[in-house]
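Colleague: Please show me the model. I would like to go through it by question and answer.

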Amino acid sequence: MERKRPTESEYFATLSAEMGIVDLGGGVMGRQLKSGKGATPRLSSVVMVYYKGMLTNGKVFDDNTRQSYPDAMRLKDLIVGWHIALQKMKVGDKWIIYIPSKFGYGSRAMKGIPKNSTLIFEIELCGIA
């Protein structure tokens, strides 16, 4: 018999009970892996990050961690889940963030990401411009 996949609300309810998980706002959850001491970005900042994006089933849909330099991106141009999480990170921090579909791509499917997907990102904030 196939095991039923939890709904997004069930997934986040289970996740919120885990040690080290914090609500970053709006239901975006995070777990700090490494603590930095640098500045915190604003929405208008350009952030330099290494990241790996995964679905709840573990499938990786994007990963820049094997390249020799972090990607630089305007924070305001990214998904809302990144807005929420990165504005709470300091340069040098590395977190795993869990983003409900409404703060990811919602009802839009993207390459490798089905519509209404919960997104998981491991993000290291390397710099701010």
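Predicted model: local features only at pLDDT ≥ 70, side-chain atom pairs only at ≥ 80, totals over all residues.

Modeller: Residues are numbered from 1 along each chain as its sequence is written, and side-chain values use heavy atoms, with hydrogens and water left out.

Colleague: In what order do the elements of the chain run from the N terminus on?

Modeller: Helices (H or I, at least four residues) and strands (E, at least two) are DSSP runs, numbered from the N terminus. The chain has 2 helices and 7 strands. Their order is α-β-β-β-β-β-α-β-β.

Colleague: What radius of gyration does the chain have?

Modeller: The radius is taken over C-alpha atoms, and the globule rule is 2.2 Å times the number of residues to the power 0.38. For 129 residues, a compact globule would come near 14 Å. The C-alpha trace spans about 50 × 30 × 25 Å along its principal axes. The chain agrees with the globule rule, at 14 Å.

Colleague: What share of the contacts with a separation of 6 or more comes from residues 24 or more positions apart?

Modeller: Contact means heavy atoms within 4.5 Å. Residues 24 or more positions apart account for this share of the contacts with a separation of 6 or more: 67%.

Colleague: Which residues do ring pairs link into a cluster?

Modeller: Rings of Phe, Tyr and Trp (its six-membered ring) pair if their centres lie within 6.5 Å; planes under 30 degrees apart are stacked, over 60 edge-to-face, and the rest tilted. The count comes to 4 aromatic pairs. Ring pairs join these residues into a cluster: Tyr51, Phe61, Trp82 and Phe121.

Colleague: Is Trp82 buried or exposed?

Modeller: Buried means under 20% relative accessible area, exposed over 50%, and partly exposed in between (1.4 Å probe, protein chains only). Trp82 has 4% relative accessibility. That value makes Trp82 buried.

Colleague: Why is the pair of Trp82 and Phe121 edge-to-face?

Modeller: Trp82 lies in helix α2 and Phe121 in strand β7 (residues 119–128), so their pair ties together parts 39 residues apart in sequence. Phe121 is buried, at 4% relative accessible area. The two ring centres are 5.2 Å apart, and the pair is edge-to-face because the planes stand at 90 degrees.

Colleague: What phi does Asn116 have?

Modeller: Most residues other than glycine have a negative phi. Asn116 lies in the loop between β6 (94–99) and β7. At 45% relative accessibility, Asn116 is partly exposed. Asn116 is not a glycine, yet its phi is positive, at about 60 degrees.

Colleague: Which residues is Lys90 in contact with, leaving aside its neighbours within four places in sequence?

Modeller: Lys90 is in the loop between α2 and β6. Lys90 is partly exposed, with 37% relative accessibility. Leaving aside neighbours within four places in sequence, the contacts of Lys90 are Gly36, Lys37, Gly38, Ala39, Thr40 and Leu125.
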